[in-house]
Amino acid sequence: MACAYHKLMIKLGYKRYIVHGGDWGAVIGSLITYMYPESVIGLHNTMNHMKFGWRQILQTLVGTVFPSLVYTSKAEKEFMHPIFKFGERMYRKFAYFHVQSVLPDSYGYGMVDSPVGLIGWIGTTYVLLAVEEI
């Protein structure tokens, strides 16, 4: 993605540009800055993350799929990748994430068509968040 965005900016006529990103955009923006420092005037991120080098990127990718190859202890794995436990709880507790990924319009029509549908959606989310710490 970093290469694609850089090529797009060059094709649009920008030899130098400012990068902004949040969430995944923060990661991609950092990679653009790392890979094309001569083109980036400045970087603004709305999400903090670790400094990326090729070693860290490779370690994160391999560790996500095969944690036992990268992390030597259970404590290190849990410290580096708490997202596994979070993701498991989200999958069990919030089945609508699955529905949103395969049938996104199903909820959309209900929320747009009726204020009761929107209240039901928001209410369910608050109740589920109150019942179990995420």
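Author: Start with a nonpolar surface patch of about 550 Å², made by Met 1, Tyr 5, Leu 8, Leu 12 and Tyr 14. This is a predicted model, in which local features need pLDDT of at least 70, side-chain atom pairs count only at pLDDT 80 or more, and totals for chains, interfaces and linings use all residues. Residues are numbered from 1 along each chain as its sequence is written, and side-chain values use heavy atoms, with hydrogens and water left out.

Reader: What makes a group of residues a patch?

Author: Patch residues have over 30% relative accessible area and no salt bridge; like charges are joined within 9 Å, and nonpolar side chains (Val, Leu, Ile, Met, Phe, Trp, Tyr) within 5 Å. A salt bridge is a side-chain nitrogen of Lys or Arg within 4 Å of a carboxyl oxygen of Asp or Glu. Accessible areas come from the Shrake-Rupley method with a 1.4 Å probe; for residues, only the protein chains shown count as cover.

Reader: Why is Leu 12 called exposed?

Author: Exposed means over 50% relative accessible area, buried under 20%, and partly exposed in between (1.4 Å probe, protein chains only). Leu 12 has 54%, so Leu 12 is exposed. Leu 12 is found in the loop between helix H1 (2–11) and strand S1.

Reader: How do you know what counts as a helix or a strand?

Author: Both are DSSP runs, numbered from the N terminus: helices (H or I) have at least four residues, strands (E) at least two. The protein chain has 9 helices and 2 strands. From the N terminus on, their order is α-β-α-β-α-α-α-α-α-α-α.

Reader: Is Leu 69 buried or exposed, and why?

Author: Leu 69 has 64% relative accessibility, so Leu 69 counts as exposed. Leu 69 lies in helix H4 (residues 67–70).

Reader: And why is Ser 39 called buried?

Author: Its relative accessible area is 5%, so Ser 39 is buried. Ser 39 sits in the loop between H2 and strand S2 (40–45). Beyond its neighbours within four places in sequence, Ser 39 is in contact (heavy atoms within 4.5 Å) with His 6, Lys 15, Arg 16 and Tyr 17.

Reader: What makes a set of residues a nonpolar core?

Author: The residues must be buried Ala, Val, Leu, Ile, Met, Phe, Trp, Tyr or Cys, joined through side-chain atoms within 4.5 Å. The largest such core has 10 residues: Ala 2, Tyr 17, Val 19, Val 27, Ile 28, Leu 31, Ile 32, Tyr 36, Val 40 and Ile 57. Strand S1 (17–21) and helix H2 (24–35) each give two or more residues to this core. The largest share, 4 residues, comes from H2. Leaving aside neighbours within four places in sequence, the contacts of Val 40 are Arg 16, Tyr 17, Val 19, Ile 32 and Thr 33.

Reader: Which residues of H2 are buried?

Author: They are Ala 26, Val 27, Ile 28, Gly 29, Ser 30, Leu 31 and Ile 32. The buried residues of H2 pack against H1, S1, S2 and helix H3 (54–65).

Reader: Why does Ser 30 count as buried?

Author: Ser 30 has a relative accessible area of 14%, so Ser 30 is buried.

Reader: How much of the protein chain is buried?

Author: Buried residues make up 22% of its 134 residues.
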